[in-house]
Amino acid sequence: MADEQDKAFITQCLNMALGSQTEGETSYSNSFDVKVGKEGFLFIPRLPSSYVIDDALYQKIFLIANAALYPRYTVLKQNSAYFIPLNTEDIHVQRALFFPWKVGISKRLVISDLEQFVSAKTSRLIPIMENLSLDYDKVTSMAIAGNSGSGKSYALTYFLTLLKPISELIIVDPKFDSPSRWAKYHQVTVIHPKQNRSKSDFVSEINEALSQSLQLIYQRQAMLYENPNQKFKHLTIVIDEVLALSEGTNKAIKDAFFSLLSQIALLGRATKVHLLLVSQRFDYNSIPVSVREQLNVNIQIGNINHKTVQFLFPDLNPEGIVIPIGKGTGLIQIIDNEHPYQVLPLLCPTYYTKKGIL
Ligand SMILES: Nc1ncnc2c1ncn2[C@@H]1O[C@H](COP(=O)(O)OP(=O)(O)OP(=O)(O)O)[C@@H](O)[C@H]1O
């Protein structure tokens, strides 16, 4: 019954708003039909039609439906028209445009005591929103981007706290700020700049740590060669403000830094060595393209527009995605076998913790 209501509602919205896009044709003239399923809805054009079935039509339907179905469903933005074949012999209606959705809208997690939350957690999943969790066994590299004040450090502290029980951590903190304080409190290794040392010296120290991690990858690869079922403990290399490392650094040292990052991003997957990178933006100055291509959790917080999403979501036109208002909000994309291709509105968790750690 609910499906019938949703179908009637979507059909009505499309009839009224599509107008010029379908050359004035509507479902009343039998020019298209709508079908609702669990995973999304179908727009079934009746061909031949006087309108063109192309990306522009697909995006227009997305815009109309996503706004009309908010907050009942979140229609998942696709980069281009999503065609599916239909199981019929009738050539006029053998294809449909598919609009996948998630029931409801993204909801923020609010955690009243972060330490207690972490110690009470039994599964290895990392909760991100009320209906979204991350399986760390299935991802290798993560990136958090956002303008100043958007909530990157706050989100990073959350991830550090949740990762600590499941992963060894090496933290690089060029700003000598909250990650260093967090690391001191939790007795975790941290590399930060020191007063009497130069910038290049600092990046060399990071390269040393990256090189050791790469050695670990090689050792683990050799172990996997002997026993493919070998299990390893996660190791995460966390780098805050990556952009700060490449600016004003001696070229040879910067090149070595980029090369080490690339190798770790490429080879870390099977050997459970991860990168967690934070930066205002991820242009080609901050990380090599090959690292960007390996990222499988992309988080952009703060301002969301064509310009800000161009590095982490190069194919995405954010138009029509409802971005929640508030601190630590934006977009998230998880690329693994479990989640279909999707970019979701994100609200980073809000948590409370013992005073003085942040
Ligand atoms: N998810 C959230 N829930 C509640 N408050 C948040 C959230 N995210 C950020 N904030 C608040 O917003 C403020 C700014 O966040 P934060 O310092 O993490 O920004 P930033 O992106 O790291 O900025 P900068 O690059 O200048 O360091 C913080 O004081 C924090 O309390």
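Predicted model: local features only at pLDDT ≥ 70, side-chain atom pairs only at ≥ 80, totals over all residues.
Glu 168 stands opposite Leu 235 in strand 12. Residues are numbered from 1 along each chain as its sequence is written.

Strand 10 (residues 167-172) and strand 12 (residues 234-239) are paired in the parallel sense over six bridges; two strands pair if DSSP finds at least two bridges between them. Helices (H or I, at least four residues) and strands (E, at least two) are DSSP runs, numbered from the N terminus. Strand 10 also pairs in the parallel sense with strand 11 (residues 190-191), over two bridges, and in strand 11 the bridge partner of Val 172 is Ile 191. Together with helix 5 (residues 178-185), strand 10 and strand 11 make a right-handed β-α-β unit. A crossover is right-handed if, with the strands pointing away from the viewer, the path from the first strand over the helix to the second runs clockwise.

These pairings are part of an open sheet of eight strands in the order 11-10-12-13-9-14-15-16, with mixed pairing. Strand 11 and strand 16 (343-347) stand at the edges, each with a single partner strand, so one side of each is left without a neighbour in the sheet. Strand 16 is joined to strand 15 (residues 329-334) in the antiparallel sense over five bridges, and Thr 329 has Leu 347 in strand 16 as its bridge partner.

Strand 9 (residues 141-146) contains Ala 145. Ala 145 counts as buried because it has 28 C-beta neighbours inside 10 Å; the term buried applies if 20 or more other C-beta atoms lie within 10 Å of a residue's own, exposed if 12 or fewer, and partly exposed in between, with C-beta atoms placed from the backbone. Ala 145 and Gln 280 are 135 residues apart in sequence, yet 5.2 Å apart in space, C-alpha to C-alpha. Leaving out residues up to four places away in sequence, Ala 145 touches Ser 279, Gln 280, Arg 281, Phe 282, Ile 299, Gln 300, Phe 311 and Leu 312. Two residues are in contact if their C-beta atoms, placed from the backbone, lie within 7 Å.

The residues surrounding the ligand include Gly 146, Ser 148, Lys 152, Lys 327, Cys 348 and Thr 350; a residue is near a molecule if its C-beta atom, placed from the backbone, lies within 6 Å of it. Helix 4 (residues 152-163) supplies the largest share of this shell, three residues. By class, the shell has two nonpolar, eight polar and two charged residues. Ala, Val, Leu, Ile, Met, Phe, Trp, Tyr, Cys and Pro count as nonpolar, Asp, Glu, Lys and Arg as charged, and the others, Gly among them, as polar.

The domain assignment gives domain 1 (2-103) and domain 2 (110-351), with bounds that come from an automatic or database domain assignment. Their centres, taken over C-alpha atoms, are separated by 38 Å. Nine residues from domain 1 and 10 residues from domain 2 take part in the contact. On the side of domain 1 that touches domain 2, helix 2 (residues 55-69) gives the most, with three residues.

Across the whole protein, there are 10 helices and 17 strands. Buried residues make up 33% of the 358 residues.
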